[in-house]
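This report goes through selected features of the structure shown below.

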Protein chains: 2
Amino acid sequence: MDDKAQITEESVIIDGEKLSPEEAVFLLEKGRLKLKGMEREVFLSKVSSTNPDFIIRYMVYTDLKERGYAVKPGRVFFWLYPRGARAGDKPAKYIIIIRRESDSIPVKELDRLINSARNMRKELILAIVDDESDVTYYVVGEARLEGSHHEEEDETPIASCSVAGDRVLVHDRATVERLHKNMYGKLMGDRLVLSLIETAYLLQHGACTGGRDIEQFLEYAASKTRDFKAKFDVYCDLRAKGLILKTGFKFGSHFRVYTASQQKHSSFLVYVVPPDYIFATHELARAVRLAHGVKKRMVFAYNDTNHRIRYIDIGRKKL
Amino acid sequence: MDDKAQITEESVIIDGEKLSPEEAVFLLEKGRLKLKGMEREVFLSKVSSTNPDFIIRYMVYTDLKERGYAVKPGRVFFWLYPRGARAGDKPAKYIIIIRRESDSIPVKELDRLINSARNMRKELILAIVDDESDVTYYVVGEARLEGSHHEEEDETPIASCSVAGDRVLVHDRATVERLHKNMYGKLMGDRLVLSLIETAYLLQHGACTGGRDIEQFLEYAASKTRDFKAKFDVYCDLRAKGLILKTGFKFGSHFRVYTASQQKHSSFLVYVVPPDYIFATHELARAVRLAHGVKKRMVFAYNDTNHRIRYIDIGRKKL
């Protein structure tokens with residue numbers, strides 16, 4: 001090793017100046033730093049052999065530098081400063097975590113990172129470096145889900161309804177009209193067809209009696225559809241926040257969510273995942289891109305260990 | 001039970017006439033069939049209690065009838081006739097399988113169904129009934145993947161390259177230019193950055209020597225990225241068909257595929273799944289919608305038990 005450059009995983013000391021490996025390589029490549037007695041290639045090889053993630057980190061570093069940002073590479077996070085500011089002038093605005101296309105990310109890890117960012121009063125950015133060495137940035141945070149839809153409690157039992165597989169058919173006209181007005185179900189001729197989730201919710205709110213009680217019905221629903229409980233919990237939680245939920249199937253999600261009853265287009269897509277869920281980066285990219293294309297926010301929901309439902313909002317970030 | 005109507009899972013006999021349950025309910029609802037001594041609701045309840053899938057099947061049936069199609073409900077498939085034709089006038093053009101939003105579908109089952117359809121000389125349509133009772137149709141078939149890109153074999157070894165984590169950096173200018181022209185890798189300053197898959201492919205074709213042989217390198221690559229082998233097999237198979245592959249990460253897929261070297265936009269998105277893969281309907285909806293939005297065909301690839309790679313093309317079907 002050249003006696004003028006000391007290389008470790010976390011820093012490079014050249015002529016007594018301590019730089020991050022990313023900074024050192026960047027300056028060398030740009031010709032703004034000279035290294036005596038060592039070829040650029042050799043230096044790059046040495047640096048990348050101390051840290052298998054170096055090249056990925058370097059790609060994000062150069063990408064951000066070339067976009068005109070000041071950025072400080074740390075061991076876990078990169079610190080990103082507001083555009084135009086120099087590092088130190090102002091506090092960093094974002095912390096960046098870096099993953100590869102071939103990585104996967106547990107939902108709980110994302111959630112922990114959101115908490116870390118909040119504690120540091122920064123926004124969290126996830127940078128994914130794809131196999132072609134392009135970087136895509138996502139902003140990841142807690143979703144703010146609030147609506148203004150509040151239904152009048154109506155405990156009139158449904159006079160006539162019947163369960164048919166994973167649907168419930170409502171036959172009496174008055175109930176059909178009342179429920180349809182409140183955005184439940186779908187008309188089929190002069191009947192209303194409710195989903196199991198809608199029916200369970202109505203049962204829980206005393207409005208519907210199909211000759212079964214809620215516990216019986218929940219058991220039946222769970223026997224009919226995968227992950228009924230997890231989806232139903234999210235449905236109830238979001239209804240309680242004044243939101244209206246319909247299926248998000250056409251957008252590849254469990255729910256599309258309206259914030260008010262007269263809203264023409266839904267605002268959010270919600271996909272429910274189990275607490276031990278691990279995202280493939282491709283799935284994340286696919287869901288966020290689709291939501292973006294239809295001008296909705298992509299939200300992933302899961303039930304954490306304290307039985308609170310957590311909502312993670314992931315969006316494209318243009319830097 | 002009324003003595004005029006005999007109801008089984010597969011048929012209803014009314015006044016000596018044998019109908020499918022879907023036809024019988026449809027005609028009753030439209031008032032084109034009368035049933036003595038039995039309310040519509042009671043008849044519907046009886047029919048749906050013989051088959052838990054009845055209501056889903058009925059939704060697809062009515063949707064197709066209302067679109068003006070002749071359709072014959074069978075036990076496994078619905079038979080769909082060309083628009084304007086009556087059942088029997090012409091042979092059916094499509095066979096339809098019906099699933100719910102909450103169902104899941106093994107990739108091998110889809111593939112078996114494609115084979116069945118081909119043997120019957122029909123096109124296969126997958127109808128998914130969502131929780132809101134809307135029906136979305138997908139046409140499912142074998143993907144036709146063929147391209148015109150044929151590289152000149154060039155076995156010149158790469159003079160200088162180095163492995164850095166999950167990338168390989170090519171340093172010598174002649175190779176950088178040659179590979180870049182053939183759409184490999186990405187330029188980073190005066191170097192070319194190759195992915196592990198690209199490098200493995202080049203090694204296998206004798207063009208690149210990084211001091212490692214192909215077996216060693218494949219082992220290294222597999223240790224670095226999940227499912228490397230499955231993706232590499234698909235990569236090689238499609239390159240052999242004259243196609244050019246780049247990452248499809250931005251579209252949530254493993255590869256975007258070009259049919260010729262001067263093509264501006266890729267034609268296909270390819271996502272590689274393991275042979276025991278089970279699709280959630282939401283994932284399928286999401287992938288197909290995204291591909292459709294960027295005017296590409298969505299293709300799922302898997303390695304079947306005979307070590308042939310199977311490509312399944314799934315697209316939206318407007319009926």
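## A salt bridge between the chains

Lys250(B) has a relative accessible area of 30% and is partly exposed. In this predicted model, its side chain forms a salt bridge with that of Asp134(A), with an N to O distance of 3.2 Å. The pair crosses between chains: Asp134(A) sits in the loop between strand E8 (123-129) and strand E9 (135-142) of chain A, and Lys250(B) in the loop between strand E14 (244-247) and strand E15 (255-258) of chain B. Asp134(A) is likewise partly exposed, at 24% relative accessibility.

A network of salt bridges also includes residues of both chains: Glu29(A), Arg40(A) and Glu41(A) are linked in it with Arg173(B), Asp190(B) and Arg191(B).

## Salt bridges within chain A

Over all chains, the count of salt bridges is 52. Side chains of opposite charge can pair when their charged atoms come close. One such pair is Arg99(A) and Glu109(A), joined at 2.6 Å from N to O.

Asp89(A) and Arg86(A) form another salt bridge through their side chains, at 3.8 Å from N to O.

## Packing of two helices in chain B

Helix H6 (residues 196-204) of chain B packs against helix H7 (residues 214-224) of chain B at an angle of about 170 degrees, and the two axes are 10 Å apart. Because angles over 145 degrees count as roughly antiparallel, H6(B) and H7(B) are described in that way.

On the H6(B) side, the contact is made by Leu196(B), Thr199(B), Ala200(B), Leu203(B) and Gln204(B). These residues meet Ile214(B), Phe217(B), Leu218(B), Tyr220(B), Ala221(B) and Lys224(B) in H7(B). By type, the residues of this contact divide into 8 nonpolar, 2 polar and 1 charged.

## Relation of the two chains

Glu283(B) belongs to helix H9 (residues 281-293) of chain B. Its relative accessible area is 12%, and it is buried. When neighbours within four places in sequence are left aside, Glu283(B) is in contact with Arg286(A), Tyr271(B) and Tyr277(B).

Ala280(B) is part of strand E17 (residues 278-280) of chain B. At 17% relative accessibility, Ala280(B) counts as buried because the limit is under 20%. Ala280(B) is 56 residues from Lys224(B) in sequence, and the two lie 28 Å apart in space, C-alpha to C-alpha.

## An enclosed helix in chain A

Why is helix H1 (residues 21-29) of chain A described as largely enclosed by the rest of the structure? The reason is that 7 of its 9 residues are buried. These are Pro21(A), Glu22(A), Glu23(A), Ala24(A), Val25(A), Phe26(A) and Leu28(A). The elements covering the buried residues of H1(A) include strands E2 (12-14), E3 (17-19), E4 (71-73) and E5 (78-80) of chain A, together with helices H2 (40-50) and H3 (54-66) of chain A.

## Positive phi values

After H1(A) comes Gly31(A), with a positive phi near 75 degrees. Asp15(A) has a positive phi near 50 degrees, in a residue other than glycine. Asp15(A) lies in the loop between E2 and E3 of chain A, and is exposed at 52% relative accessible area.

In chain B, phi of Asp15(B) is positive and near 50 degrees. Asp15(B) lies in the loop between strand E2 (12-14) and strand E3 (17-19) of chain B, and is exposed, with a relative accessible area of 51%.

Key
Residues numbered from 1 in each chain as written. Chains lettered and ligands numbered in written order. Predicted model: local features only at pLDDT ≥ 70, side-chain atom pairs only at ≥ 80, totals over all residues. Heavy atoms only, no water. Salt bridge = Lys/Arg side-chain N within 4 Å of Asp/Glu carboxyl O. Helix = DSSP H or I, 4+ residues; strand = E, 2+ residues; numbered from the N terminus. Buried < 20%, exposed > 50% of the residue type's maximum accessible area, 1.4 Å probe, protein only. Axes fitted to C-alpha atoms, helices over the stretch in contact; angles between N-to-C directions. Parallel < 35°, antiparallel > 145°, perpendicular 65-115°, else oblique. Contact = heavy atoms within 4.5 Å. Nonpolar A, V, L, I, M, F, W, Y, C, P; charged D, E, K, R; others polar.
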